Amino acid sequence: MRIATWNVNSLKIRLPHVLDWLQRHPVEVLAVQETKLTDDKFPSAALAEGGYGAAFIGQKTYNGVAILTPLAMPASDVTIDIPGFADEQKRVIAATVNGVRVVCVYVPNGQSVESEKYVYKLAWFQALRDWLAEEAKAHPRLVVLGDWNVAPEDRDVHDPKAWEGQVLFSEPEKAALKAIEAIGFHDAFRLFEQPPKSFSWWDYRMLGFRRNAGLRIDHILLSDALKPLCTACVIDRDERKKEQPSDHAPVIATLTLD
DNA sequence: ATGGCAATGTTTCATTGA
């Protein structure tokens, strides 16, 4: 079973990329962030023509998440949002696929460490942690994946000195991600040897991709039970080379289920 | 220290992202 995450930065603009990518990477789960679409505009028919069904929740302009699965492997028990956490912003969708509980997250960006949005980000993280602690008990086979908007370690940042204390790399954000891992989750990417300077996002500006001036902020977290079943995890940086790309690249984990 | 790039919405620029 292959499980992927991709912040597409507008599913309207990126729909051709997504359809093309799914043809070349026929994963069983694609968790999508930043669809930026209200539900009435979600391209269900086009995805179905490409062989994929979707569970989704969106809003105008910002946020919006979806879980895509092959039509033959439909998502069940779909839930949205973090239970008990009042939030207008559509950032979480969960579903069961092939016996695996999948939680797709679009963690708030935070804007800057001085911002109100940073306060919201940390509160959001706390609510996510509390909820996932319960979910992990209910669903041993649990994967939480998406755009986490946090680079966990120095090696996940092209210039850790320059990014020190900045949003996406501040200590409270790293601690918030660690607190979730402490429930019993494992960064699939770091289960394997990886090329140095592996990133999943590059700024559109300043030739970010060409200079490989990026961050690794898109993560696939596997529960204790799924960790030993994971055989690979890669970032598809080729996708970022294409015409009119998302600023994020897909991340793909392979699991060997019984 | 600053700006640069992309997407969206109602535009002819403001906001947000990361």
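This is a predicted model: local features need pLDDT of at least 70, side-chain atom pairs count only at pLDDT 80 or more; totals for chains, interfaces and linings use all residues.
Residues are numbered from 1 along each chain as its sequence is written, and chains are lettered from A and ligands numbered from 1 in the order in which they are written.

Let's start with the sheet. Six strands build an open sheet with mixed pairing, in the order 3-4-2-1-14-13. Strands here are DSSP runs of E with at least two residues, helices are runs of H or I with at least four, and both are numbered from the N terminus. Two strands count as paired if DSSP finds at least two bridges between them. Strand 3 (52–57) and strand 13 (230–235) sit at the edges with a single partner strand each, so one side of each has no neighbour in the sheet. From one strand to the next, the twist averages 15 degrees.

T69 is another residue of strand 4, and it counts as buried, with 22 C-beta neighbours inside 10 Å. Leaving aside residues up to four places away in sequence, T69 touches E28, V29, Y52, G53, P74, A75 and V97. (Contact means that two C-beta atoms, placed from the backbone, lie within 7 Å.) The C-alpha atoms of T69 and A48 are 9.9 Å apart, with the two residues 21 apart along the chain.

On to the helices. Helix 3 (residues 116–138) packs against helix 5 (residues 171–184) at an angle of about 5 degrees, and their axes are 9 Å apart. Helix 3 and helix 5 are therefore roughly parallel to each other, a label for angles under 35 degrees. L122, F125, L128, R129, L132, A133 and A136 in helix 3 meet P172, A176, A179, I180, I183 and G184 in helix 5. By class, this contact has 11 nonpolar, one polar and one charged residues.

Two loop residues deserve a look. L168 lies in the loop between helix 4 (160–163) and helix 5, and its phi is near 90 degrees, a positive value in a residue other than glycine. L207, in the loop between strand 10 (201–202) and strand 11 (214–215), also isn't a glycine and has a positive phi of about 55 degrees. L168 is buried, with 22 other C-beta atoms within 10 Å, whereas L207 is exposed, with 11.

Finally, the DNA. DNA strand B is surrounded by 22 residues, and the closest are S10, T61, N109, Y204 and R205. (Near means a C-beta atom, placed from the backbone, within 6 Å.) The surface near DNA strand B divides into seven nonpolar, eight polar and seven charged residues. Ala, Val, Leu, Ile, Met, Phe, Trp, Tyr, Cys and Pro count as nonpolar, Asp, Glu, Lys and Arg as charged, and the others, Gly among them, as polar.

How values were computed
Axes are lines fitted to C-alpha atoms, for helices over the stretch in contact, and angles run from 0 to 180 degrees between N-to-C directions. Angles under 35 degrees count as roughly parallel, over 145 as roughly antiparallel, 65 to 115 as roughly perpendicular and the rest as oblique. A residue is buried if 20 or more other C-beta atoms lie within 10 Å of its own, exposed if 12 or fewer, and partly exposed in between; C-beta atoms are placed from the backbone.
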